[in-house]
Amino acid sequence: MERHSKDVKGWAPGQPPGDPEAAQRLQEWLRGEEGGLDVAGLDFSGADLSQGDFSESWFTGSKLVNVKLIDADLYRSDAQGADFTGADLTRVSLVRVNLDDAVLRRAILDGADLVKASLCDVDASRASCRGTRFMGASLLYVDLRGADLTDAVLRENSFKVAMNHATILQGVSGSIFGPVEIFEQDSVRTLGGAALEDWIREKGGNVQVISGTCPMKYRSPKSPT
């Protein structure tokens, strides 16, 4: 699809949002409004915002289903409670982004940068995180059942997550603070320390589990759909 004419920010969406209020809000910002884009609670589903610079913007509670944000920059933005179901976030910068309570179900985060990002109570089931950088990030009560973390890099992350046999960990590397909840048919077990390292190694990864963490209080994640 032909891109729209660039506005004063030197960028234009490949596809504007279909929701009139969201489209108008985006155009107002593109015409030269200073600061980040504030679209809290608006519906941007299906829009193509690839390569856009949305540093320090507000996507709080926004609907971003199937949105494209390929190579976009959301540095220090707030996306708390945003719905990124099926979104393409390939190589997006999510450095220091607040993603607490967000939905990343089936989202593509391949090559994305989540350095020091905050993910608490996040549904990332069946998300693709191939080569994703989780470094110094907080992943607390994150559902990673069925997610693909092939070649993902983890470094000193809080990593209290839910996984299952379908979670792909081939080539994942780095270090984490556990423990992890492993869902196995009708049972759940908690793994930490050497036991978690061994489980990850059996799945093709090589991760150091840093000792001295507190036990994780069980909190059942939302069931993937």
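Arg25 is buried, with a relative accessible area of 17%. Buried means under 20% relative accessible area, exposed over 50%, and partly exposed in between, for a 1.4 Å probe and protein chains only. The structure is a predicted model, in which local features need pLDDT of at least 70 and side-chain atom pairs count only at pLDDT 80 or more, while totals for chains, interfaces and linings use all residues. Residues are numbered from 1 along each chain as its sequence is written, and side-chain values use heavy atoms, with hydrogens and water left out.

The side chain of Arg25 forms a salt bridge with that of Glu28, at 3.6 Å from N to O. A salt bridge here is a side-chain nitrogen of Lys or Arg within 4 Å of a carboxyl oxygen of Asp or Glu. Glu28 is partly exposed, at 32% relative accessibility. Both residues belong to helix α1 (residues 20–30); they are three residues apart, so about one helical turn separates them. Helices (H or I, at least four residues) and strands (E, at least two) are DSSP runs, numbered from the N terminus.

The whole structure holds eight salt bridges. One of them joins Asp71 and Arg91, at 2.8 Å from N to O. This pair links distant parts of the chain: Asp71 and Arg91 are 20 residues apart, and each lies in the loop between α1 and β1 (118–120). Asp71 is partly exposed at 34% relative accessibility. Arg91 is also partly exposed, at 45%.

Asp123 and Arg105 meet in a further salt bridge, at 2.9 Å from N to O. Asp123 lies in the loop between β1 and β2 (133–135), and Arg105 in the loop between α1 and β1, so the contact ties together parts that are 18 residues apart in sequence. Asp123 is buried at 5% relative accessibility. Arg105 is buried too, at 16%.

Strand β5 (residues 173–177) has parallel partners in β4 and β8. Strands count as paired if DSSP finds at least two bridges between them. With β4 (residues 153–164), β5 pairs over four bridges. Here Phe177 of β5 stands opposite Ser158. Four bridges also join β5 to β8 (residues 206–209). Within that pairing, Ser173 has Asn206 of β8 as its bridge partner.

Helix α2 (residues 193–202) buries Leu196, Glu197, Trp199 and Ile200. Seen down the axis of α2, these residues fall within an arc of 160°, so they line one face of the helix. The arc is taken over the directions from the helix axis to the C-beta atoms. The buried residues pack against β4, β5, β6 (180–184), β7 (187–191) and β8, with contact meaning heavy atoms within 4.5 Å. Ala194 and Glu202 are exposed, on the face of α2 turned away from its buried side. Gly204 follows α2 and has a positive phi, near 95°.

One cavity of 30 Å³ or more is present. On a 1 Å grid over the protein atoms alone, a cavity is a set of points where a 1.4 Å probe fits but cannot get out, and lining residues have an atom within 4 Å of a point. Grid points are joined across faces, edges and corners, and a volume is the space filled by probe spheres set on the points. The largest cavity has a volume of about 40 Å³. Its lining consists of Leu104, Leu109, Leu119, Ala124, Cys129, Phe134, Leu139, Val142 and Leu144.

Definitions and conventions. 1 Å grid on protein atoms, 1.4 Å probe; cavity = no way out; pocket = protein on both sides within 12 Å on 5 of 7 lines; lining within 4 Å.
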